[in-house]
Amino acid sequence: DLPELPGTAIAEAFMRHYPMEAEASHLVGYVGAVSPEEKDQNPLFHVPGFKVGKSGLEKMLEMDIRGGPGVRHLEMNAHGVPIREVKREDPVPGKDIVTTIDRRLQKFATERFGEESGAAIVMHVNTGEIRALVSTPAFDPNSFSKGITSVYWKELNANEKNPLLNKAITGQYP
């Protein structure tokens, strides 16, 4: 507890940061609050503020990149003040994920669309590696990490150009 602010404590937390912002939002995806349907899948999902992958690589590779929780067992006095740490299990870090996306090509392809709605997939002709996967318009996944407002969510869903739809993968075109 902080002496000048009784009843408060500092807690560390991790938050996703997406440096490519909207340029790779459909590819990388975003995290969001655990839905009521997801809560029964894992006891960890009952932790207030816990977030899970909702789309893109975040959803597909959720189990690999999440890692495992840590646990601290504390001995407390009658006033709820920790006296000593009895047992500690350190968290297990998630795995690093490496893609074949070329960041410069991803940016170049995204910029070509401007304000237009569309999709592009660029593959290496010899290896089949995906070098760019673009869907526009897009959204900033950093907004979801912090927790979006209901106004912004409605705005995204009401947009006739469907910024939440990954047109490169789920769009159906003749």
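**Figure 1. Aromatic cluster of Y30, F139, F144 and W153.** These four residues, Y30, F139, F144 and W153, form one aromatic cluster in a predicted model, for which local features need pLDDT of at least 70, side-chain atom pairs count only at pLDDT 80 or more, and totals for chains, interfaces and linings use all residues. Residues are numbered from 1 along each chain as its sequence is written, and side-chain values use heavy atoms, with hydrogens and water left out. Rings of Phe, Tyr and Trp (its six-membered ring) pair if their centres lie within 6.5 Å, with planes under 30 degrees apart counted as stacked, over 60 as edge-to-face and the rest as tilted. The count by this rule is five aromatic pairs. The ring centres of F144 and W153 are 6.3 Å apart and their planes stand at 90 degrees, so this pair is edge-to-face. F144 is buried, at 5% relative accessible area, and W153 is partly exposed, at 36% (buried, under 20%; exposed, over 50%; partly exposed, in between; 1.4 Å probe, protein chains only).

**Figure 2. Charged end of R112 over the ring of F108.** The distance from this charged end to the ring centre of F108 is 4.1 Å (criterion: NZ of Lys or CZ of Arg within 6 Å of the ring centre and within 35 degrees of the ring normal).

**Figure 3. Lining of the largest cavity.** Helix 1 (25–28), helix 4 (103–113) and strand 6 (130–136) each contribute at least two lining residues (DSSP runs numbered from the N terminus: helices, H or I, at least four residues; strands, E, at least two).
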